[in-house]
Structure formats: C-alpha cells, structure tokens
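Please look over the model below.

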Amino acid sequence: MNTMKYLALIAVTVLTVAFVAFKPLPAKKNIYSFKIKSLDGDGVIDFSKYKGKKILIVNTASKCGFTKQYAGLEKLYEEHKDKLVIVGFPSDNFGGQEYQSDGEIKEFCKKNFGVTFPLTTRVDVKGDNATAVYKYLCNKSENGVLDATISWNFNKFIIDENRNLLAHFDSKVTPESDELLTYINK
C-alpha cells in the first residue's frame, strides 16, 4: 500500500475512534425534563418553568384519610410561593380513593380546600403505567439519588432550586411537619 493511502487510512481510523470515544453523553434526565398535562385540561405543567424554586411533588387523592393534607399543602404554598411550587398528582392507585374525572377532582379540590397550586390530570404513580415523573422520582437508576416506594396517597418528594432531588416522605409526614419544613426553609 502506498504511504499516503496508509497514512490517510490511519488518520480516518484515529478520527473515527476519537469521535466515538469522546462523543458527548446525552444530557442527564432531571425534573426540568418533564411536562405533564394539567388538571385544567388544556394546560401543561412544564417543570422547567420552576427553575430557581423548590418543588414539592405529592400524589393526592380526594377520598383518603390523608386528604385533609390538601389544607396544609395550600397553606404551605401560599406562605412560600415566592420560593416553592407544589405540584399535586391525583391518583387512584390506592383503594379507589380518587374521582374518575378530572373535572370532579378539580371541583372537589377547589370547593373543599381552595387549592390554587398546580394539579396534574389523574395519573398512575406506581406500577407499569406510572407516569414518567414518578418513574424518575422512584428509581435511583433514573434520579441518581434514591429509590422510593409509593405506599399510599400523599407521599412527598422535595427538589431544591437547582433540580436536585433531596428527599422522599411517606404519607404521615404532613405539610406542617418540621421534617419537611427543614428542607423548605433552607
């Protein structure tokens, strides 16, 4: 083989290997990667719009023993809305405790608790049909921080202003609890 062709072949091979080896990795998934249909019907909750705020994500249900937490969540939202957004994910994964239609959910939340924080359309938060946000939140392989099991309604996830997942709380941790407020007041 002629020297020029040989050098050209080596150069192409080196460049190909370098391109494959140093190809940028895909951007790591984070909460800002997600959008989900809002309970309002024609709206979308775009988590990237919450950059610079803490995000508290809660799976909710209208007919549960923990439903009264809506009042505490709304109060928390009103008191801290300059630095915190709460996003509720109505779900019927536990004992048929959520209304079937988004309209019924919206009416119940507004009428009984005056909810003004964003709510998604009714979704699954566990199992094969879990919404992508919950697959991300519950799997360390996706979020890089923790594995979590949603065992009932009103589990909570707190995310800081820089999209870092900080903690998961079970249903018994109320919106007023020191355990949760410690993260919100940091």
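The report starts with the basis of the model and then moves from the core to the salt bridges.

## Basis

This is a predicted model, in which local features need pLDDT of at least 70 and side-chain atom pairs count only at pLDDT 80 or more, while totals for chains, interfaces and linings use all residues. Residues are numbered from 1 along each chain as its sequence is written, and side-chain values use heavy atoms, with hydrogens and water left out.

## Nonpolar core

The largest nonpolar core holds 49 residues. Such a core is a set of buried Ala, Val, Leu, Ile, Met, Phe, Trp, Tyr and Cys residues joined through side-chain atoms within 4.5 Å. Buried means under 20% relative accessible area, exposed over 50%, and partly exposed in between (1.4 Å probe, protein chains only). The residues with the most contacts inside the core are Ile31, Phe47, Ile55, Ile57, Phe89 and Phe157. Strands E3 (54–60), E4 (84–90), E5 (156–159) and E6 (165–169) each supply at least two core residues. So do helices H2 (69–80), H3 (102–113), H4 (132–138) and H6 (178–184). Helices (H or I, at least four residues) and strands (E, at least two) are DSSP runs, numbered from the N terminus.

Isoleucine 55 shows who meets whom. Leaving out residues up to four places away in sequence, isoleucine 55 touches Ile31, Tyr32, Phe47, Tyr50, Leu84, Val85, Val87, Phe157, Ile158 and Ile159. Contact here means heavy atoms within 4.5 Å. In soluble globular proteins, nonpolar side chains tend to be buried together.

E4 is largely enclosed by the rest of the structure, because 7 of its 7 residues are buried. Leu84, Ile86, Gly88 and Pro90 point one way from the strand. Val85, Val87 and Phe89 point the other way.

E3 and E4 run parallel, joined by 7 bridges. Two strands pair if DSSP finds at least two bridges between them. Across this pairing, valine 58 of the model stands opposite glycine 88 in E4. With H2, the two strands make a right-handed β-α-β unit. Right-handed means that, with the strands pointing away from the viewer, the path from the first strand over the helix to the second runs clockwise.

## Salt bridges across the chain

The whole structure has 6 salt bridges. Each is a side-chain nitrogen of Lys or Arg within 4 Å of a carboxyl oxygen of Asp or Glu. One of them joins lysine 29 and glutamate 142 (3.0 Å, N to O). This pair links distant parts of the chain, 113 residues apart. Lysine 29 lies in the loop between helix H1 (3–21) and strand E1 (35–37), and glutamate 142 in helix H5 (residues 140–143). Lysine 29 is partly exposed at 37%, and glutamate 142 is partly exposed at 27%.

Aspartate 40 forms a salt bridge with lysine 106, with the closest N and O atoms 3.3 Å apart. Here, too, distant parts of the chain are linked, 66 residues apart. Aspartate 40 sits in the loop between E1 and strand E2 (44–46), lysine 106 in helix H3. Aspartate 40 is exposed at 52%, whereas lysine 106 is partly exposed at 40%.

## A pair within H2

Glutamate 79 and lysine 75 form a salt bridge, their closest N and O atoms 3.9 Å apart. Both lie in H2, 4 residues apart, about one turn of the helix. Glutamate 79 is partly exposed at 49%, and lysine 75 is exposed at 52%.
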